[in-house]
Amino acid sequence: MNIFRWRQRKDEDLSVEIQSHLDEAIRDRIGRGEASDEARVNARREFGNVGLVKEVTREMWGWAWLERLQQDVQFGLRMLRKNPGFSLVAILTLSLGIGANTAIFSVINAVLLHPFAYPEAERIMFLSSSRLSEPNSSGAISYPNFLDWQKQQTTFSYLAAARNRTFNLTGITEAIQVKSALISPEAFLLLGVEPQLGRVFTAQDNQRDAARTVVLSHAFWQQQFAGAANVVGRQLWLDDQAYTVIGVMPPRFKFWAGEVWVPFGLFADEDFATDRMGIVSIFALGRLKPSVTPEQARAEFNVIAARLAAQYPETNQGSGVRIVSWSESFGRNLRPTLLVFMGAVGFVLLIACSNVASLLLMRTATREKELAIRAALGAGRGRLMRQLLLESLPLAALASLAGGLLANWGLKLILALSPDDLLPAEASVHLDARVLLFALGLTLLTTLLSGLLPALRFSQSRVNESLKDGSRFSLTAAGGQRMRSALVVLEVALSVVLLVGAGLLIKSFFRLQQTELGFKTESLLTVDLLLSHKKYTQTRQIETFFTQALEQLKALPGVEAAATMNGGPFSGWGAGMPLIREGHSYSREEMGSRGCGFVVTQGDFLAALGVPLVSGRSFTAQDTLNAPPVVVINQAAAEKFFPGENPLGQRIRLGLPDNLLPPDAPPTEKHAWLTVIGIVKNHQPVALGLPYLPGAFLPMAQTPREPTLLNAETIILRTAQDPETLISAVRQRIHELDPDQPILRIATVDARIADSLKPQRFNALLMSLFAAFALTLAVIGLYGVLAYTVVQRTHEIGIRLALGAQSGNIIVMIMKQGLSLTLLGMSLGLTGAATLTHLLERLLHGVSTTDAPTFIAIALLLLAVAALACWIPAQRATKVDPLVALRCD
């Protein structure tokens, strides 16, 4: 604004100076005897063109370009007001493209580009184990290995371990389960975040026998303590042990998705923290020292890994350390999906720009004589091109404002529709300065894309012909028509790519719903429980609790069968271990291909799950701890580990063979030999769309140890009625057995299946939405071109009708033009789709990226919609009055 005020003052000064000069010249002439009027005229004549002098002076100031820019923008605004219908359509079209792109970029910005608000977040590295044969593999690490890393490394200022863990929170009205993270005290120093209240952990808090302390998240503090200022020093009961609250973190701190954080060292005596073979979801983070590069850290950890491999060959041989930036590892699973969506909305924006460019071409055609007059008066082609480009700037700016509103609304819709755990906890998805800068870039891009074609097209027109009365405007001639047709072809082609992508995702979603699960899902209720690790420390305690629970629940009316499993429907196989056969020897390399999932179960699990027994028998009451250990395997395990043989009666073991166990391995590492007593039909416990995996069932009554694997159990109830009617009674029975036992979830299997399909449903829905936008814009573009063609060819149509042409002939002529463009765009689009849909491969299940039925269905759909878009202007063409048409030229 200061510039414009300065500019105004300079103009005023210039006017005063010119007037002063003229006044002095007039006085001088009057002094020499000229009459007053004559002196004024002669003085002006002598001075020259005042306006030209001002213009030359402004050029010397160097601000003329700004003035012309202002004039062009003002002219563009006047053009918008002059054509409100055109302006509204163009703004809505561009705002759809800008809004969709901004919304998706907001997610990418929060998840992939700037996921953390920590100081110098780019220096925080994510450390995981990897196989030397596969350097890009990434797996969990053992806690003893982490402690060795911490002692031997010199490249990180801080190195911290973290692991998820769920606690039962008791001592409140109704016990609940709390998401927690076990973390090293160095994590807070590494991240550089101060607590909002109290303090964070110190090295003393991390000792095995230290007083139990806990740091709360801001959300947990608000929910459980109503934001009480005196929360520090109060106690929480987690897994029946008292923890003292020492601090509360600020709202943005959501490290490792924890609701509370506890020191890792408090659990250093548990199996998962003492066993170097115990790989249980532990990862590490490190902050690089100021002068250290990631390559130097990798080199150092390669040496450390080799040293540990030499020291502990039975567990560390063949293992390395993978070090990548934390931001790179954050949201890596979402990266392909988000990039696909970004490409999709980019297509939508291109279609929108093509549509608006086509509209601007038509509008420019009506102004060609005006532009030719400007050129005849001295405006160069560059000046006119700049004017046409700048006229689209107000259009894009208004579309950007509307797109911002659409992006805000669309972002809320995306977050509402996305599955709960889809986005990382620390991702703060919102419209921030970076997103607004991106939207500004989109505005400039749309200005360029939509305004450049009309400007270029006009620069090729011949000014003299345009000025001739009655001449056909060059922009309405064949060249302009070809350009508009090319834009329509481009829109159709891009729409086909998006429609095929959406069609493949939709078909994949329906294929998943029809997947054969291998068990009966109807009338099945599941109850997820996690027993306290401190209260239920022995397998027999866990077995007793669930025995009583099954007795209570089986007594409920309508319950036909009940069982427990530490890997219920869509909970996975519980755990996995190598399966070895008695009388066979194995090398370490063979262990990687002998993985077998196993589930410890109790009760009549076959009847409850609805899985048929293929041969042999199931467990009986005689399969106790004192009886010979038995196992039931599924068909996949029988085919993989006993090819061409009958597994019944043969003995297997889960775990490493004796020759691969470390010499100092405790006796508990050697599992008992199990006799195969039955084979059951395959069923899918992991997720829809995956192949059947080898699995084994073990009776809890014969499981002498490993209570930590059994605390998390799922109770399965087969009912003769609507299972949801039993939910209240089930809750009551569980709380009667243990009032402090929280229930993680009660749900039917159908509900679990629906939840498991949320990501696929979300992907299909979002892609369909973008494809619908694209199809709508393409159809509007096709309709606009044909409608304009009808107007252009009114004279020709009138002659044809006057000469006896029938309405059918006119309809065929118009529709032939529209469908020709559609078919050309469709063929290009199908070719492009066949090339690009491989990017969706990771998102598809049971559907090929070149699925012919989908391609054919999309082609037929597009043809039908395009035919409708062509039919309307074709019908309008038949209404042309020959007499009226013949008068116009």
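Figure 1. Leu765 counts as partly exposed because its relative accessibility is 44%; buried means under 20% relative accessible area, exposed over 50%, and partly exposed in between (1.4 Å probe, protein chains only). The model is predicted: local features need pLDDT of at least 70, side-chain atom pairs count only at pLDDT 80 or more, and totals for chains, interfaces and linings use all residues. Residues are numbered from 1 along each chain as its sequence is written, and side-chain values use heavy atoms, with hydrogens and water left out. Leu765 lies in helix H25. Helices (H or I, at least four residues) and strands (E, at least two) are DSSP runs, numbered from the N terminus. Together with Leu406, Trp409, Leu413, Leu417 and Leu769, Leu765 makes a nonpolar surface patch of about 530 Å². Patch residues have over 30% relative accessible area and no salt bridge; like charges are joined within 9 Å and nonpolar side chains (Val, Leu, Ile, Met, Phe, Trp, Tyr) within 5 Å. A salt bridge is a side-chain nitrogen of Lys or Arg within 4 Å of a carboxyl oxygen of Asp or Glu. Accessible areas come from the Shrake-Rupley method with a 1.4 Å probe, and for residues only the protein chains shown count as cover. Helix H15 (381–417) gives the largest share of the nonpolar patch, four residues.

**Figure 2. The buried face of helix H14.** In helix H14 (residues 368–376), the buried residues are Glu368, Leu371 and Ala372. Seen down the axis of H14, these buried residues fall within an arc of 105°, so they line one face of the helix. The arc is taken over the directions from the helix axis to the C-beta atoms.

**Figure 3. Asn42 and its contacts.** Asn42 is part of helix H2 (residues 36–47) and counts as buried, at 16% relative accessibility. Leaving out residues up to four places away in sequence, Asn42 touches Arg29 and Glu34 (contact: heavy atoms within 4.5 Å). The side chains of Asn42 and Glu34 are joined by a polar contact of 3.2 Å. A polar contact is a pair of N or O atoms within 3.5 Å; within protein, one must be able to donate a hydrogen and the other to accept it, and residues adjacent in sequence count only if both atoms are side-chain atoms.

Figure 4. Most residues other than glycine have a negative phi. Asp239, not a glycine, has a positive phi of about 50°. Asp239 sits in the loop between strand E7 (235–238) and strand E8 (241–248). Trp256 has a positive phi near 55°.
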